[in-house]
Amino acid sequence: MISQFFVLSQRGDNIVFRDYRGDVQKGSAEVFFRKVKFWKEDDKEEAPPVFNLDGVNYFHVKVVGLLFVATTRNNLSPSLVLELLQRIARVIKDYLGVLSEGSLRKNFVLVYELLDEVMDFGYVQTTSTEVLKSYIFNEPIVVDTDRLPSLGPAALFVQGAKRMPGTAVTKSVVAHEPGGRKREEIFVDIIEKISVTFSSSGYILTSEIDGTIQMKSYLTGNPEIRLALNDDLSIGRGGRSIYDYSGSSGSGSVILDDCNFHESVHLDSFDVDRTLTLAPSDGEFPVMNYRITQEFKPPFRINSLIEEAGPLKAEVILKNYAEFPSSITANTIVVEMPLPTYTTRVNYELEPGAVGQMTDFKESNRRLEWSLKKVISLAAAHW
Amino acid sequence: MAPPAQSQKSSSPSQPSGKGEVSDVKMQLRQLAGSRAPGTDDSKRELFKKVISYMTIGIDVSAVFSEMVMCSATSDIVLKKMCYLYVGNYAKNNPDLALLTINFLQRDCKDEDPMIRGLALRSLCSLRVANLVEYLVGPLGNGLKDGNSYVRMVASIGVLKLYHISASTCMDADFPAMLKHLMLNDKDAQVVANCLTSLQEIWGLEASTSEEAAREREMLLSKAVIYYFLNRIKEFSEWAQCIVLELVAKYVPSDSNEIFDVMNLLEDRLQHANGAVVLATIKVFLQLTLSMTDVHQQVYERIKSPLLTLVSSGSPEQSYAVLSHLHLLVMRAPFIFSSDYKHFYCQYNEPFYVKKLKLEMLTAVANESNTYDIVTELCEYAANVDIPMARESIRAVGKIALQQYDVNAIVDRLLQFLEMEKEHVTAETLVLVKDLLRKYPQWSHDCIAVVGNISSKNVQEPKAKAALIWMLGEYAQDMQDAPYILESLIENWDEEHSAEVRLHLLTAIMKCFLRRPPETQKALGAALAAGLADFHQDVHDRALFYYRLLKYDVSVAERVVNPPKQAVSVFADTQSSEVKDRIFDEFNSLSVVYQKPSYMFTDKEHRGPFAFSEELGNLSIDTDLANDVVPAQRVEENDKDLLLSTSEKEENHGSINNSSAYDAPSYDGSRMVGALQPQQDLVSLDQPPPANTPASLAMDDLFGLGLPVAPSPTPPPLALKLNAKAVLDPNSFQQKWRQLPVAASQEISLNPQGVSALSSPQVLLRHMQGHSIQCIASGGQAPNFKFFFFAQKEDEPSTYLVECVINSAACKAQLKIKADDQSTTQAFSTLFQSVLSEFGLP
């Protein structure tokens, strides 16, 4: 059972602090923050999500720069607690529309109300936005979405959030629209994270797609929804090795290595016609997660050429090839390159006529960043 | 001042400092308390909010307690909730003021609105004030019978809260029985789940003092109850499912059909998007099939995919938790995952703690067919700008080489690392090359050629320097410059800060001298002189020892310092198999993430209500045991590359798995395990902490004739005579068992012959009785037996208690020994084990 739950700002201030069992000292938030900030055990590495300090176990997840923390003295399931923390963040976002330090500070009473119902004496009661609705009486105070800092595409990986913050879905599930009428809407996003490793000669060494179908429903009355996936979708690769590519490409069929589903999804007709049936409850949730290692054509190919241009100088030529149909545009692309620790200066030379491109040398973590606002495929043009 | 205020030492400038604001709020609340003007509730809301925000940031606002209570007479539910939150926070430290709230909370418990009833009941139970418990019993009893499920939900956890404030009040009101009834009959799944959690905690804590509670706790694991939960599993929320699954994992089905039924029923839980549900299900599968080797392996195959999917979906934190479990499974059964090695490749943006797990998995799954790919990948990481990552990767390459796959190519690559001329890479590689040479002396020519080219000036890290020096000494005749390099190092003796390096220098110069005396004599003299004047005790002693040895007889010195060496064949495992099994038993818990069993990081009262082996009461924290294990652990962790000398290895085989070179019958282990831990202690005690590995290697050299020269780790146990007519009644046994700490805890292997004779518990009882060890309770069926033994010293009323769990299928026994006289525990333990090992022998 969980002893305390708290949310800390980037500077370590308590935004909410809820003590459920009273068996961990009150100063735990400060103890925790100090430990995380000065985590030195592995050479200035970041603190792991779970650690034990004087018999107290601290769990934390980072969401939009905030630290969601739980403490306990018991030997709990780490998956359960970390999943719960993530879920609490999502429930709060469902209610506030936007999850940020500002919105939390404005709505902390509502957050306490939620926390009271999510857990009792450290045991989870419910994390369903829908169920919680009947217990919650505070109205959210909506914060201005325009002032939200953009997370950028890199945040997709760094924060681990698999979702781009679309403006349409920053609406609270309980807030009333101006004019008192409610729009019947449902948002379905498909987010895929593609990881590819190329060899220095350009061959693909490993490739994997991790995807999620994300849903956020504002429909009243929870009508049943059917979601039809590709007919030729198949799951599992039989007895074959996962990396046996032979014969799997070309047929056009999609082979998922594995997938899992939200508990509200009924799979009765899934085997027959690849249709998912669900009655989406309020709020945001992943309908399905899947994983593909089938061969596919990556959207980009990066080529690098490194030459020593002197005793203390190296020249790097980076080429980025867009390999997707010309009907598609890619937005906000960032190319990162780690540089040796003793790098002191970096000069850039962009392709003449390049528009909307930026280069930057991040001195703190020795990284070169090359960002492109927009990439249009010109068959195999490079720049 | 109350604790919350003290904890907030430095409030940021944007936050108010406290006092002035609190008294302001107090004034304003007073004004509002009696007011009935329209809009009062809104102003109250604002003030309440302010109070709660002060509370959050740690300002003590308990001073406004009575004003808050006065203002709480309202029908506004938002206000009520804020007030409840406030009261819950401060009641414990202000019991007198808490009394003020009882009245309105009790009234609210009878409100028409079930929401208010529930909220009030929850707050009432959350006051944590012992002298108010009498006011709780009535409302709680009503709550459990309430027609609304929300109220019952709150009440079923409320009982647990009451138990923690006053266990006797809770038991006297017979609440557990009511909970049990609700658990088995309520229509609402969350009420059922709450009853289960409360009962588990209550009976878990009560079981140590009450037999009835222990029985009730067993009842939760009866077939009827387990099936009842399993049949309803889909009604439960995902979180409640986790609780049920955790319970099911402890259920022992009667036959294999039952096992398959349970698994089929839970099969679809593996496709759940919530990682906690999936891991809880996996735990059930793994526990149920422990005794069925083939099925157990199939389970591994089955759970692989869902685990990999969970690792790649969700936040990095969640995937870390899942990955830790995957890591555990990979370490247990690497061959099952050997074709999945590409999943363990590191991605550039992963945090170090994830990469580290992945590197260990890559090392573990390496076999003939994938080693080339894996090593190629690891070599990429070795050039990483991230230094800790580069180091770990090189270590991984070295470990794979020591696993004997493709050594040829790997040695080449390691030597290439040396040519990269990066200090951390060179340092790490030198240490590995040294280990490799100890295992594969046949590679010395290739390695020495490259190592000889390294300038000792480029090697600064003590560990690496020590490795280089060791090689210079060991291969002095092959390395032309060895005497001169050593000589120049000795010249800088005073600048060498590491005692470890100085120790190695002494030994290396000795070896060098014995092989190339004319060139080395001068340097040896200088080294011995410097060593004798050294302020470090070990260095001084070693120099003196060498000096006297040489004076006594050079040929004896030769035999001691430079004996023919056997190649080392096996690595010491980083953890004993007992520790690993314990972690495995605690699957889906923090133990897996920390890679430590729970007793090492939790105190006894938090170890979970359902620790199974502890049915005779919660064992108090076994400090002795912890002390036994922790130093060993430390040695192992600091020195992953601690190579054991062959003689040590033979004694340690009980804890070494996958030792392909070693095939001694396992039942010998029963006598040796006892010797294992003290020996490891010896290693850690004898060396100054930073000087672990190489120094111990040097020790081997020093006592080159093998360990018999080394002081024996424990004094031989004193002969212990037991009273043949010992008596102890069951009650005093139980009482003693509860009071005494565990003095020794061990897992031992049993003689298969003896195990085969163990047809029923009685056979063993008679055997033990013949050696003055009495049995007080026994039970179980093949393959699991459990015994409680006791014995008394012959001449004094000093008693030993033993819990012995025998698994006849695995030929293993787990012992827990408690003793009145702790100093003789070891002697008794040895005696007990030898008696046990004689069982079944003709």
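**Exercise 1. Which residue of chain A forms a salt bridge with B:Lys161, and how far apart are the closest N and O atoms?**

Solution. In this predicted model, the partner of B:Lys161 is A:Asp120. The closest N and O atoms of the two residues are 2.8 Å apart. A salt bridge requires a side-chain nitrogen of Lys or Arg within 4 Å of a carboxyl oxygen of Asp or Glu, so the pair qualifies. Between chain A and chain B the count is seven salt bridges.

**Exercise 2. Describe the side of chain A that touches chain B, by element and by residue class.**

Solution. Begin with the polar contacts: 35 residue pairs, both at pLDDT 80 or more, are in polar contact between chain A and chain B. Next, find the element with the largest share of the chain A side: helix H2 (residues 78–96) of chain A, which supplies eight residues. Then sort the residues on this side by class: 38 are nonpolar, 24 polar and 28 charged.

**Exercise 3. State how many residues of each chain are in contact, and how much area chain A and chain B bury between them.**

Solution. On the chain A side, 90 residues are in contact with 88 residues of chain B. The size of an interface is often given as the accessible area lost when the parts come together. For chain A and chain B this comes to about 7400 Å². Carbon and sulfur atoms account for 55% of that area.

**Exercise 4. Check the span of helix H12 (residues 189–206) of chain B against its number of residues.**

Solution. Helix H12 of chain B has 18 residues. At the start of H12(B), a side-chain oxygen of B:Asp188 comes within 2.9 Å of the backbone nitrogen of B:Gln190. As for burial, 17 of the 18 residues of H12(B) are buried, so the helix is largely enclosed by the rest of the structure.

**Exercise 5. Is B:Ala333 buried or exposed?**

Solution. First locate the residue: B:Ala333 is in the loop between helix H19 (316–332) and helix H20 (352–365) of chain B. Its relative accessible area is 7%. Buried means under 20%, so B:Ala333 is buried.

**Exercise 6. Summarise the secondary structure and burial of chain A.**

Solution. Chain A has seven helices and 21 strands. Of its 383 residues, 50% are buried. Among its contacts between residues at least 6 apart in sequence, 59% join residues at least 24 apart.

Methods
Residues numbered from 1 in each chain as written. Chains lettered and ligands numbered in written order. Predicted model: local features only at pLDDT ≥ 70, side-chain atom pairs only at ≥ 80, totals over all residues. Heavy atoms only, no water. Helix = DSSP H or I, 4+ residues; strand = E, 2+ residues; numbered from the N terminus. Buried < 20%, exposed > 50% of the residue type's maximum accessible area, 1.4 Å probe, protein only. Expected span 1.5 Å × (residues − 1). Polar contact = N/O pair within 3.5 Å; in protein donor to acceptor, adjacent residues only side chain to side chain. Contact = heavy atoms within 4.5 Å. Buried area = accessible area lost by both parts, 1.4 Å probe. Nonpolar A, V, L, I, M, F, W, Y, C, P; charged D, E, K, R; others polar.
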